[in-house]
Amino acid sequence: SGEPLEIEVKNVEDPSDDKTLIARGSFIFGKGSTELGVFAMNNKVIESGNFNALDPLNSALVKHGEPLFEQKTVGLDFRYNADSFYIFTEFFNLDTEDNPEIISPSIAVNLQEYSATAYYAQLGLRLTDRFTLIYRHEDLSFDANSTYLEDILRLTPVNHDILGVNYKIEE
């Protein structure tokens with residue numbers, strides 16, 4: 001009833017000539033029940049705000065269109081699906097370099113490359129056609145003084161274990 005909701009898109013421009021490079025490959029074997037994949041990405045996080053050296057508290061961190069951070073990510077994923085259980089997992093390593101020209105009174109630029117790792121592993125045991133018992137382990141850890149993760153994204157290291165039951169509503 002009424003008009004559909006409209007999403008306001010704020011990123012209407014691409015202020016940088018740099019582009020993200022992504023590659024992923026996978027190998028499927030075991031009659032399709034097993035998949036092993038690799039992933040790599042190289043990208044720059046670009047400033048889209050306006051820089052004002054006279055007002056650094058209310059300013060972008062670098063000039064419009066300049067890189068804030070450069071990231072290199074590599075990852076692995078694995079999936080196995082049997083009749084009575086399944087396993088899937090993903091692992092990522094992220095190396096980040098700060099732009100040494102970042103100007104902010106609230107951010108201490110890290111002049112050294114810093115790393116983060118993130119992974120999860122999930123196991124499922126099918127109890128019936130509709131119920132599956134699930135265990136999942138998740139971990140995000142990173143070096144101290146990880147400017148992008150701590151100061152920009154406001155992340156903290158995490159380590160979770162989750163136990164649950166999945167109910168399949170439809171066949």
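T73 stands opposite L94 in β4. That pairing comes from a predicted model, so take everything below as read off a prediction. The strands β3 and β4 run antiparallel and are joined by 13 bridges. Getting from β3 to β4 takes a hairpin of 3 residues.

On another side of the story, β3 (residues 67–81) also pairs with β2 (residues 34–46), again in the antiparallel sense and over 13 bridges. Here F69 of β3 is the bridge partner of V45.

## The whole sheet

Zooming out, what order do the strands of the open sheet follow? There are 7 of them, arranged β1-β2-β3-β4-β5-β6-β7, with antiparallel pairing. The edges are β1 (21–29) and β7 (158–167), each of which pairs on one side only. Ignoring direction, neighbouring strands are turned by 10° against each other on average.

As background, strands of a sheet pair through backbone hydrogen bonds, either parallel or antiparallel.

## A look at T96

Back in β4, which spans residues 85–98, we find T96. Is T96 buried or exposed? Its relative accessibility is 1%, so T96 counts as buried, the cut-off being under 20%.

What does T96 touch, once neighbours within four places in sequence are left aside? Its contacts are F69, E70, Q71, Q112, E113, Y114 and Y148. F69 is also the β3 residue that partners V45.

Conventions
Residues numbered from 1 in each chain as written. Predicted model: local features only at pLDDT ≥ 70, side-chain atom pairs only at ≥ 80, totals over all residues. Heavy atoms only, no water. Helix = DSSP H or I, 4+ residues; strand = E, 2+ residues; numbered from the N terminus. Buried < 20%, exposed > 50% of the residue type's maximum accessible area, 1.4 Å probe, protein only. Contact = heavy atoms within 4.5 Å. Pairing = 2+ DSSP bridges. Axes fitted to C-alpha atoms, helices over the stretch in contact; angles between N-to-C directions.
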